[in-house]
Amino acid sequence: MAEPELSFFARLWLALVCLFRIVFDSPFAALVAQVREQKALPAPAAPPGEPVRAAPDAALHLLAQLQREGRFIDFCEEEIASFSDAEVGAAARTVHGGCRKVLRAAVILQPVRTDVEGTEVTVAEGFDPASLRLTGNVVGHPPFRGTLRHHGWKAASVKLSPPGAGQDATVLAPAEVELP
């Protein structure tokens, strides 16, 4: 049976979850690299009876911070089809501001390429496919000439604080009960 096609926001959420897993979980990153090279996936090596963690505590803690400051999970999990573009835009401003604050506190970003987007660039032989994705009519062998559409991002440094002692890292946002 074929898998149903994922919506844009489901794919975006999956990409973000995978991003954090790849950055903070080297065995998972190795699996992704194998799939990307179209090698067979090895069976997961989880000891029997031990629960498999969805992501390392640091990644979950970062996700919890994105939720606390920008309501990121709420925004991604909300069905927005019934809202107007203006309502989605207003919500996105709030989410953007909070998430940007967390991201800038946790990660120092720098572009993968320093060229100006929209300029003509040359991709030399031996380029790193993890740092540069070729799109369009990709035929032949490097060097390639093309237009830089996005400069890419890489983490220059990561400053993640650990979750609090005794805190369950899987609780990304506690349930809230307002008392009368």
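Predicted model: local features only at pLDDT ≥ 70, side-chain atom pairs only at ≥ 80, totals over all residues.
Residues are numbered from 1 along each chain as its sequence is written, and side-chain values use heavy atoms, with hydrogens and water left out.

**Overall picture**

The protein has five helices and four strands, where helices (H or I, at least four residues) and strands (E, at least two) are DSSP runs numbered from the N terminus. Along the sequence the pattern reads α-α-α-α-α-β-β-β-β. Buried residues (under 20% relative accessible area, with exposed over 50% and partly exposed in between, using a 1.4 Å probe and protein chains only) make up 19% of the 180 residues. Of the contacts (heavy atoms within 4.5 Å) with a separation of 6 or more, 68% come from residues 24 or more positions apart.

**Helix H3**

H3 covers residues 57-70, and its 14 residues should span 20 Å at 1.5 Å a residue, the expected span being 1.5 Å times one less than the number of residues. The end C-alpha atoms of H3 sit 19 Å apart, which agrees. Because 10 of its 14 residues are buried, H3 is largely enclosed by the rest of the structure. Among the buried ones are Leu62, Leu63, Leu66 and Gly70. The buried residues of H3 pack against helix H1 (8-24), helix H4 (72-77) and helix H5 (85-106).

His61 is worth a look of its own. This residue lies in H3 and is buried, with a relative accessible area of 9%. Leaving aside residues up to four places away in sequence, His61 touches Ser161, Pro162, Pro163 and Gln167.

**How the helices pack**

Two packed helices are described by the angle between their axes and the distance between the axes. Here the axes are lines fitted to C-alpha atoms, for helices over the stretch in contact, and angles run from 0 to 180 degrees between N-to-C directions.

| Pair | Angle | Axis distance |
|---|---|---|
| H3 and H5 | about 140° | 7 Å |
| H1 and H3 | roughly 140° | within 9 Å |
| H1 and H2 (residues 26-36) | about 115° | 6 Å |

Angles under 35 degrees count as roughly parallel, over 145 as roughly antiparallel, 65 to 115 as roughly perpendicular and the rest as oblique.

H3 and H5 are therefore oblique to each other, and their crossing is right-handed (near helix turned clockwise from the far one by less than a right angle; left-handed if anticlockwise). H3 brings Leu62, Gln65, Leu66, Glu69 and Gly70 to the contact, and residues from H5 include Val95, Gly98 and Val102. By class, the H3 and H5 contact has six nonpolar, four polar and two charged residues. For these classes, Ala, Val, Leu, Ile, Met, Phe, Trp, Tyr, Cys and Pro count as nonpolar, Asp, Glu, Lys and Arg as charged, and the others, Gly among them, as polar.

H1 and H3 are oblique to each other too. Trp13, Phe20 and Phe24 of H1 meet Ala59, Leu62, Leu63 and Leu66 of H3, giving seven nonpolar, no polar and no charged residues.

H1 and H2 are roughly perpendicular to each other, with a left-handed crossing. Cys18, Arg21, Ile22 and Phe24 of H1 touch Ser26, Phe28, Ala29 and Val32 of H2, and by class that contact has six nonpolar, one polar and one charged residues.
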